[in-house]
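Visitor: I have not looked at this one before. Can you take me through it piece by piece?

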Amino acid sequence: MSRHRHLPLIATAAFCTALAVGCSGGQTKKDVPSEHRNWILSLGDSIKNTETEITAVQTRIDSLHSAVGNMLQGFRHISNPREVEGYTLANSLAGQLPLTSTGLAARITEGEGFELLSALSGNTYCRLRAVTPEGSTSTAVVPHDQALNYRHSGYNTVAFSGTAADSVGRLIALAPEGKVKIEFIQPSGRVASTVTLPAARQKAIAETWRLYNAQSTAERLEMQVKLLNRKISLFRMRLEDSDTQTK
C-alpha cells in the first residue's frame, strides 16, 4: 500500500545513520577504529535479536490467519453484475442489500476495506454519528453526488469508508448489545433522524469490522516482517564489507 512505500528507505537511512556514528565529532582518531570495531562486532547480536522479533511477529500473523479462516465461515463473497466490484458480506445480511428501509449495514470491499452502507427514508443526510454508552464517533462527510450519496424512490442512500468509518465500526463492535444509536446528520449539522440498531444488525456489523480488523492487522504485520528482513540484509551486507576490508 502507498502508506508503506517509503518505509524501506527510512530503514536504510536509519542503518546509514548508525554506520556514521563511528565518525561523529568529539572523538579522537584513536577512539574511532575501536568504536567502529565494537559496532561491527555487535551486528551479529543485532541480527539474532531481529530474527527473534521476526519469529514473534510471524507467530502473531499465523494466529490472525487462523482467526480470519474461522470468521470467514460466517461470510460469503457476493458478485453482482450490476455492481462495479464484488464484496464480502455476513451471511446474516445476505439478500438484505441494497437497503430498502432506514438502517445501517456493513461489508468488506474487494480491496479489503471496511464500508458502511446506510439508508434513510423521507429525508437527506451526508454523515453518520454512532452514539453508545462508551462515547460517540462520526463518519466523514460524503456529499450528494449520485455515486456514494444518491437519492431514489424517497430514500437517501450513502456509503461510508476510510478511517472515520473504521472508527464507527469499532465503536459498534465494542458497544453492549442494543445500545447503539445511529444519527443521520445533514450538511448543516442538524440531525435528520435517529435510530437504535437492532441487536442482529449490530452483531453483523461488529462481526464484519472484526474480520476487517484481523485482515488489516495481518497485512500490516506482514509488511513489518519485510522491513525486518531488509534490516537483517543491511546488517549482513555491512558485515561482509567489513570482512572484505580486513582481508
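Guide: Start with an open sheet of four strands, in the order E6-E5-E9-E10, with antiparallel pairing. Keep in mind that this is a predicted model.

Visitor: Which strands are at the edges of that sheet?

Guide: Strand E6 (135-138) and strand E10 (191-196) are the edge strands, and each pairs on one side only. On average, neighbouring strands of this sheet are turned by 20 degrees against each other, ignoring direction.

Visitor: How many bridges hold E5 and E6?

Guide: Four bridges, in the antiparallel sense, with strand E5 covering residues 127-132.

Visitor: What does H3 lie across here?

Guide: H3 lies across E5, E6 and strand E9 (181-185). H3 runs at about 150 degrees to E6.

Visitor: OK, next sheet. What order do the six strands come in?

Guide: The order is E1-E2-E3-E4-E8-E7, in an open sheet with antiparallel pairing. Strand E1 (75-78) and strand E7 (149-152) are the edge strands, each pairing on one side only. Neighbouring strands of this six-strand sheet are turned by 30 degrees against each other on average, direction ignored.

Visitor: And how many bridges join E4 to E8?

Guide: Seven bridges join them, and the two strands run antiparallel. Leucine 117 has alanine 159 in E8 as its bridge partner.

Visitor: Which strands of this sheet does H3 touch?

Guide: H3 packs on the sheet and touches E3, E4 and E8. The direction of H3 makes about 80 degrees with that of E4. H3 also lies across E5, E6 and E9, as mentioned above.

Visitor: Changing topic: how many aromatic pairs are there?

Guide: The structure holds two aromatic pairs. In one of them, the rings of phenylalanine 114 and tyrosine 212 have their centres 5.8 Å apart and their planes at 40 degrees.

Visitor: Why is that pair called tilted?

Guide: Because the planes of the two rings are at 40 degrees, and planes under 30 degrees apart count as stacked, over 60 as edge-to-face and the rest as tilted.

Visitor: Where in the chain do phenylalanine 114 and tyrosine 212 sit?

Guide: Phenylalanine 114 is in strand E4 and tyrosine 212 in helix H4, 98 residues apart, and the pair links distant parts of the chain.

Visitor: What about the second largest pocket: how much space is in it?

Guide: About 420 Å³ of space lies there. Of its 21 lining residues, the closest to the centre are Glu112, Gly113, Asp166, Tyr212 and Ser216. Tyr212 also belongs to the tilted pair with phenylalanine 114.

Visitor: What gives the most to that lining?

Guide: H4 does, with seven residues. E4, helix H3 (163-174) and helix H4 (199-246) each supply at least two residues of the lining of the second largest pocket. That lining divides into four nonpolar, ten polar and seven charged residues.

Conventions: Residues numbered from 1 in each chain as written. Predicted model: local features only at pLDDT ≥ 70, side-chain atom pairs only at ≥ 80, totals over all residues. Heavy atoms only, no water. 1 Å grid on protein atoms, 1.4 Å probe; cavity = no way out; pocket = protein on both sides within 12 Å on 5 of 7 lines; lining within 4 Å. Points joined across faces, edges and corners; volume = space filled by probe spheres on them. Nonpolar A, V, L, I, M, F, W, Y, C, P; charged D, E, K, R; others polar. Pairing = 2+ DSSP bridges. Axes fitted to C-alpha atoms, helices over the stretch in contact; angles between N-to-C directions. Contact = heavy atoms within 4.5 Å. Phe/Tyr/Trp six-rings, centres within 6.5 Å; stacked < 30°, edge-to-face > 60°.
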